[in-house]
Amino acid sequence: MKALIVDDNDIARTTLSHLAKQIPNLTVVNEYSNAIEAYHHLQENHVDLIFLDIEMPEMTGIELTKNLSGKDIIIIFTSSKKEYALEAFELNIADYILKPIMPARFLQAVSKAQSIIESRKENVQFGKEEFLFVRDSNITRRLKLDDIFYAEAMGDYVKFYTKEKMFAIHGKMKTAEERLPKDDFIRVHRSYIVSIGKIDTLQDGGIMINKKFIPVADAYRKALNTRMNVF
């Protein structure tokens with residue numbers, strides 16, 4: 001992981017840098033004493049992680065985080081005050097460490113960041129051929145698109161169902177909908193995408209696929225009927 005340290009306190013930056021050197025796969029690429037310099041750095045360079053102080057002159061850590069909205073960067077706030085924690089976590093940060101920073105607490109925050117990065121790697125990856133890659137435990141497997149009956153949203157996961165097995169992938173339903181070929185798959189509900197070729201029957205309120213009833217929301221019914229040539 002490539003990281004930035006942004007803190008207007010010299011001792012705090014030195015402490016964070018020392019702790020980061022104890023973690024083999026963590027590299028601090030630069031340190032900044034103010035958020036504006038860090039912001040300019042991030043317009044031209046990518047990092048995975050920022051250790052970010054909150055109370056800084058000119059631009060606070062919270063303001064910097066808001067300005068970085070949309071960038072794929074993990075934020076760990078470092079602060080001597082608790083009162084910013086609620087606002088900070090509303091920005092979907094990874095962690096909030098209170099100063100003085102203890103080694104065990106630092107390691108815990110970095111481990112959380114590593115877990116987030118690993119979960120992103122488990123998102124669905126589609127190749128040019130008719131298959132996708134899914135992470136099954138610690139093994140990445142190839143799954144043929146033709147084997148998929150339907151996909152179901154479940155919290156932060158999308159479950160892909162085949163005749164033999166279900167694969168749960170960390171990711172969003174919107175991503176699955178964008179990447180599954182539209183000639184073969186259709187959204188029928190907020191929580192379901194189905195393979196058109198696997199639909200057995202249409203009935204009031206839903207469809208049957210492999211003996212599983214799947215609801216069809218009113219907002220998607222017309223498009224489904226059109227694709228199925230239902231009059």
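**View 1. Ring pairs link Phe-77, Phe-89 and Tyr-96 into a cluster.** The model is predicted: local features need pLDDT of at least 70 and side-chain atom pairs count only at pLDDT 80 or more, while totals for chains, interfaces and linings use all residues. Residues are numbered from 1 along each chain as its sequence is written, and side-chain values use heavy atoms, with hydrogens and water left out. Rings of Phe, Tyr and Trp (its six-membered ring) pair if their centres lie within 6.5 Å; planes under 30 degrees apart count as stacked, over 60 as edge-to-face and the rest as tilted. The structure holds five aromatic pairs. One of them is formed by Phe-77 and Tyr-96, edge-to-face, at 6.4 Å centre to centre with 70° between the planes. This pair links distant parts of the chain, 19 residues apart, with Phe-77 in strand S4 (residues 74–79) and Tyr-96 in strand S5 (residues 95–98). Helices (H or I, at least four residues) and strands (E, at least two) are DSSP runs, numbered from the N terminus. Phe-77 and Tyr-96 are buried, where buried means under 20% relative accessible area, exposed over 50% and partly exposed in between (1.4 Å probe, protein chains only).

**View 2. Phe-89 lies in helix H4 (residues 85–89).** Phe-89 counts as partly exposed because its relative accessibility is 41%. Leaving aside neighbours within four places in sequence, Phe-89 is in contact (heavy atoms within 4.5 Å) with Ala-94, Asp-95 and Tyr-96. From Phe-89 to Asp-184 the separation is 95 residues in sequence and 40 Å in space, C-alpha to C-alpha.

**View 3. Tyr-150 and Tyr-192 form a tilted aromatic pair, 6.2 Å centre to centre with 55° between the planes.** Tyr-150 belongs to strand S9 (residues 150–154) and Tyr-192 to strand S13 (residues 192–195), so the pair links parts of the chain that are 42 residues apart. Tyr-150 counts as buried because its relative accessibility is 6%; Tyr-192, at 9%, is buried. S9 and S13 pair in the antiparallel sense over three bridges, where pairing requires that DSSP finds at least two bridges between two strands. The bridge partner of Ala-151 in S13 is Ile-193.

**View 4. S12 and S13 are joined by a hairpin through two residues.** Strand S12 covers residues 185–189, and S12 pairs with S13 in the antiparallel sense over four bridges. Arg-187 stands opposite Ile-193 in S13. In a regular strand the side chains alternate between the two faces of the sheet. In S13, Tyr-192 and Val-194 point one way, Ile-193 and Ser-195 the other way, and all are buried.

**View 5. S10 pairs with S9 and with S11.** Strand S10 (residues 157–161) is largely enclosed by the rest of the structure because four of its five residues are buried. The pairing of S9 and S10 is antiparallel over five bridges, with Glu-152 opposite Lys-159 in S10. Two residues lie between S9 and S10 in their hairpin, and Gly-155 in the turn has a positive phi of about 65°. S10 and strand S11 (residues 166–170) also pair in the antiparallel sense over five bridges. Phe-160 stands opposite Phe-167 in S11, and four residues lie between S10 and S11 in their hairpin.

**View 6. Lys-198 lies over the face of Phe-149.** The distance from Lys-198 to the ring centre of Phe-149 is 5.6 Å. A charge sits over a ring if NZ of Lys or CZ of Arg is within 6 Å of the ring centre and within 35 degrees of the ring normal.
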